[in-house]
Amino acid sequence: MADMESSLQEAMQIEGAVGVALVDYTSGMALGALGSSKEMDLTIAAAGNTDVVRAKLRTLEMLKLKDTIEDILITLGVQYHVIRPLTSRNTQGLFLYLVLARSRANLAMARHKLKTIEEGLQM
């Protein structure tokens, strides 16, 4: 079992990782973040992507789908943004937000690694 800081550090080891944050989607606050730069303010991005998660959860509810979100992928010209809502009892209401450089990332491996990180995360 890993704590938040080591989980974020592990996510930064994913090929192509530019930044990662653990976000509370009820408040929009980043609980922890690594990799912010002038070009990518993870706290602003985390808050904005909170709206994406909330909208998708509302849509699932309105459609009466008895399913969960595995991840949400946003593809930009030079980056992938992967949002992974956490589902374990002690991490509900949180999501991992990973920004990848598209030219260096293997999206399938990144998604697999985020799942592994989620499974080991203890809050």
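Two strands pair if DSSP finds at least two bridges between them. Helices (H or I, at least four residues) and strands (E, at least two) are DSSP runs, numbered from the N terminus. I looked up Gly19 under these terms, and its bridge partner in β5 is Val99.

**Entry 1: ground rules**

I number residues from 1 along each chain as its sequence is written. This is a predicted model, where local features need pLDDT of at least 70, side-chain atom pairs count only at pLDDT 80 or more, and totals for chains, interfaces and linings use all residues; side-chain values use heavy atoms, with hydrogens and water left out.

**Entry 2: the sheet**

I traced the strand order as β2-β1-β5-β4-β3, an open sheet of five strands with antiparallel pairing. Strands β2 (29-34) and β3 stand at the edges with a single partner strand each, so one side of each is left without a neighbour in the sheet. The twist from one strand to the next averages 15 degrees. (Axes are lines fitted to C-alpha atoms, for helices over the stretch in contact, and angles run from 0 to 180 degrees between N-to-C directions.)

I then checked two of the pairings. Strand β1 (residues 17-24) pairs with strand β5 (residues 94-101) in the antiparallel sense over seven bridges. Strand β3 (residues 72-75) pairs with β4 in the antiparallel sense over four bridges, and a hairpin of three residues joins β3 to β4. Within that pair, Leu73 stands opposite Val82 in β4.

I also looked at what lies over the sheet. Helix α2 (residues 42-62) lies across β1, β2, β3, β4 and β5, and runs at about 120 degrees to β5.

**Entry 3: His81 and Gln79**

I found His81 in strand β4 (residues 79-85). Its relative accessible area is 7%, so His81 is buried. (Buried means under 20% relative accessible area, exposed over 50%, partly exposed in between, with a 1.4 Å probe and protein chains only.)

Which side chains make polar contacts with the side chain of His81? One is that of Tyr97, at 2.6 Å. Another is that of Gln79, at 2.9 Å. (A polar contact is a pair of N or O atoms within 3.5 Å; within protein, one must be able to donate a hydrogen and the other to accept it, and residues adjacent in sequence count only if both atoms are side-chain atoms.)

I listed the contacts of His81, leaving aside neighbours within four places in sequence: Met40, Ile72, Leu73, Ile74, Leu76, Tyr97, Leu98 and Val99. (Contact means heavy atoms within 4.5 Å.)

Gln79 is in strand β4 too, and at a relative accessible area of 16% Gln79 is buried. With neighbours within four places in sequence left aside, I find Gln79 in contact with Met40, Ile74, Val99, Leu100 and Arg102.

**Entry 4: Ala101**

I placed Ala101 in strand β5. Ala101 counts as buried at 12% relative accessibility. From Ala101 to His81 I read 20 residues in sequence and 9.1 Å in space, C-alpha to C-alpha. Leaving aside neighbours within four places in sequence, Ala101 is in contact with Gly16, Val18 and Val78.

I checked the span of helix α3 (residues 107-120). Its 14 residues reach 20 Å from first C-alpha to last, close to the 20 Å expected at 1.5 Å a residue. (The expected span of a helix is 1.5 Å times one less than its number of residues.)

Which residues of α3 are buried? They are Ala110, Leu114, Ile117 and Glu118. Seen down the axis of α3, they fall within an arc of 100 degrees, so they line one face of the helix. (The arc is that of the directions from the helix axis to the C-beta atoms.) The buried residues of α3 pack against α1 (4-12), β4 and β5. On the other side of α3, I find Ala108, Met109 and Glu119 exposed. At the N-terminal end, Asn106 caps α3, with a side-chain oxygen 3.2 Å from the backbone nitrogen of Ala108.

In α1, I noted Ser7, Leu8 and Ala11 as buried. Down the axis of α1, these buried residues fall within an arc of 100 degrees, so they line one face of the helix. They pack against β1, β2, β5 and α3.

**Entry 5: Lys64**

I found Lys64 in the loop between α2 and β3. Its phi is near 55 degrees, a positive value in a residue other than glycine. Is Lys64 buried or exposed? Lys64 is exposed, with a relative accessible area of 66%.
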